[in-house]
Structures are given as structure tokens and as C-alpha cells.
Amino acid sequence: MKMFLTLVSLLMVLLGTGWLFFPETMLAWWSVQTDGTGVYVARRYGGLLFGYAAILWMGRASEPSAARAAVL
């Protein structure tokens, strides 16, 4: 379980970095026109992914519990 949470956490950081710092590039992959609102929402999504990464990273060492099951 620790390896899975580590891997997913690192992937979330990678995606979060892309969405936070390069939103135009990330949106261009789906041929989405970017404007100020789209860039703002993409950057907020990047921040959300960093939050998920932090939750998963901190949950790596937790014992089996209802809280860990809820995170998963």
C-alpha cells in the first residue's frame, strides 16, 4: 500500500505542476481555447492536485483504518 500511495502522490505532483504552471499547454492537448477564466480554473485544479498529493503522501505511513479507507 505504501508503494501505491507514493506512486500516486508523485503522479499528482507531476500533474499538479503541469496544470499550475503550464495551464495553456495542458488545455491545448484537448484543443480547448484558453482565456482568463480557463487559465484560472486550470491553475485552481493544479492546486487541488497538490492538496491530494499531500493527503496521499501523509497517508503512506498510516495503519489500516476507516480514515485510510476513505482516502483510498
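Biologist: Which residues of α1 are buried?

Modeller: Bear in mind that we're looking at a predicted model. In α1, the buried residues are Leu 5, Thr 6, Val 8, Ser 9, Gly 16, Gly 18 and Trp 19. The general idea for reading such a list is that an α-helix has 3.6 residues a turn, so residues three or four places apart point the same way. As for their partners, the buried residues of α1 pack against α2 (23–28) and α3.

Biologist: Let's back up a bit. How many helices and strands does the protein chain have?

Modeller: There are four helices and zero strands. Read from the N terminus, the order is simply α-α-α-α.

Biologist: And how do I read the length of a helix? What does α1 reach from its first C-alpha to its last?

Modeller: You set the end-to-end span against the one expected at 1.5 Å a residue. Helix α1 covers residues 2–21, which is 20 residues, and its span of 28 Å is close to the expected 28 Å. Then take α3: with 23 residues it reaches 34 Å, close to the expected 33 Å.

Biologist: Which residues of α3 are buried, and what do they pack against?

Modeller: The buried ones in α3 are Val 39, Ala 42, Gly 46, Leu 49, Ala 53 and Leu 56. They pack against α1, α2 and α4.

Biologist: What about Thr 6, buried or exposed?

Modeller: Thr 6 is buried, with a relative accessible area of 16%. Thr 6 is also found in helix α1. Not counting residues up to four places away in sequence, Thr 6 touches Trp 57 and Arg 60.

Biologist: Now the surface. Which residues form the nonpolar patch?

Modeller: The patch is made of Tyr 45, Leu 48, Tyr 52, Ile 55 and Val 71, with about 450 Å² of accessible area together. Helix α3 (residues 36–58) gives the largest share, four residues. Val 71 belongs to helix α4 (residues 66–71), and Val 71 is partly exposed at a relative accessible area of 41%.

Biologist: Where is Ser 31, and what is its phi?

Modeller: Ser 31 lies in the loop between α2 and α3. Its phi is positive, about 55 degrees, although Ser 31 is not a glycine. With 66% relative accessibility, Ser 31 counts as exposed.

Biologist: Last one, the overall shape. What radius of gyration does the protein chain have?

Modeller: The idea is to hold the value against that of a compact globule. For 72 residues such a globule would come out near 11 Å, but this chain has 15 Å. The C-alpha trace spans about 45 × 20 × 15 Å along its principal axes. As for burial, 25% of the 72 residues count as buried. The accessible surface comes to about 5,100 Å², with 70% of it belonging to carbon and sulfur atoms.

Biologist: And what share of the contacts comes from residues 24 or more positions apart?

Modeller: Among contacts with a separation of 6 or more, that share is 63%.

Terms used: Residues are numbered from 1 along each chain as its sequence is written. This is a predicted model: local features need pLDDT of at least 70, side-chain atom pairs count only at pLDDT 80 or more; totals for chains, interfaces and linings use all residues. Side-chain values use heavy atoms; hydrogens and water are left out. Patches are made of residues with over 30% relative accessible area and no salt bridge: like charges are joined within 9 Å, nonpolar side chains (Val, Leu, Ile, Met, Phe, Trp, Tyr) within 5 Å. Accessible areas come from the Shrake-Rupley method with a 1.4 Å probe; for residues, only the protein chains shown count as cover. A salt bridge is a side-chain nitrogen of Lys or Arg within 4 Å of a carboxyl oxygen of Asp or Glu. Helices (H or I, at least four residues) and strands (E, at least two) are DSSP runs, numbered from the N terminus. Buried means under 20% relative accessible area, exposed over 50%, partly exposed in between (1.4 Å probe, protein chains only). The expected span of a helix is 1.5 Å times one less than its number of residues. Contact means heavy atoms within 4.5 Å. The radius of gyration is taken over C-alpha atoms; the globule rule is 2.2 Å times the number of residues to the power 0.38.
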